[in-house]
Amino acid sequence: MELKVAKGYSGKFCNGIAMGLTQQSALKIAIAENRKPSFNPSLWTAVISNDKQLESIDENKIASLVASMVVNDCGDPLGLNSQTDVDEFASYFVSTREDSLSNQ
């Protein structure tokens, strides 16, 4: 389940980068668009079936998966290509998501 959630974030982030958005803007949009599982098409089946796995998602694992996917899928144009970059992006993701949640 975490993999599906992470793909939602990383896919939207990389699409934003491909459209020319800054990292900050792309990440804020990805977070806003994934605020609810119903906004992530890969989770629609789980949402419809009221899958209890959605309630037990490991947020730390999500951040790590998102960072790895971003570095693998669209990291080159951003200069992200090392494990250090993965770790730094994971921290950036967590802090940006926390800021987003606190500003609701």
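Me: What should I keep in mind about the numbering and the model?
Reply: Residues are numbered from 1 along each chain as its sequence is written, and side-chain values use heavy atoms, with hydrogens and water left out. This is a predicted model, where local features need pLDDT of at least 70 and side-chain atom pairs count only at pLDDT 80 or more, while totals for chains, interfaces and linings use all residues.

Me: How many helices and strands does the protein chain have?
Reply: There are five helices and zero strands, and from the N terminus on the order is α-α-α-α-α. Helices (H or I, at least four residues) and strands (E, at least two) are DSSP runs, numbered from the N terminus.

Me: Why is Val5 called buried?
Reply: Buried means under 20% relative accessible area, exposed means over 50%, and partly exposed is in between (1.4 Å probe, protein chains only). Val5 has 12% relative accessibility, so Val5 counts as buried. Val5 sits in helix α1, and its C-alpha atom is 8.9 Å from that of Ile57, 52 residues apart along the chain.

Me: What makes Cys14 buried, and which residues does Cys14 contact?
Reply: The relative accessible area of Cys14 is 12%, so Cys14 is buried. Cys14 is another residue of helix α1. Leaving aside neighbours within four places in sequence, Cys14 is in contact (heavy atoms within 4.5 Å) with Val70, Asp73 and Cys74.

Me: Is Ser100 buried or partly exposed, and why?
Reply: Ser100 has 19% relative accessibility, so Ser100 counts as buried. Ser100 belongs to helix α5 (residues 83–102) and, neighbours within four places in sequence aside, is in contact with Ile31 and Arg35.

Me: What makes Met19, Leu21 and Ile29 a nonpolar patch?
Reply: Like charges are joined within 9 Å, and nonpolar side chains (Val, Leu, Ile, Met, Phe, Trp, Tyr) within 5 Å. Leu21 has 31% relative accessibility, so Leu21 counts as partly exposed. Leu21 lies in the loop between α1 (2–18) and α2 (23–33). Together the three patch residues have about 280 Å² of accessible area, by the Shrake-Rupley method with a 1.4 Å probe, where for residues only the protein chains shown count as cover.

Me: How do you describe the way α1 and α2 meet?
Reply: Two packed helices are described by the angle between their axes and the distance between the axes. The axes of α1 and α2 come within 8 Å and cross at roughly 145°. Axes are lines fitted to C-alpha atoms, for helices over the stretch in contact, and angles run from 0 to 180 degrees between N-to-C directions. Among the residues that meet are Tyr9 and Phe13 in α1, and Ala26 and Leu27 in α2.

Me: How much of the protein chain counts as buried?
Reply: Of the 104 residues, 37% count as buried.

Conventions. Patch = residues over 30% accessible without salt bridge, like charges linked within 9 Å, V, L, I, M, F, W, Y side chains within 5 Å. Salt bridge = Lys/Arg side-chain N within 4 Å of Asp/Glu carboxyl O.
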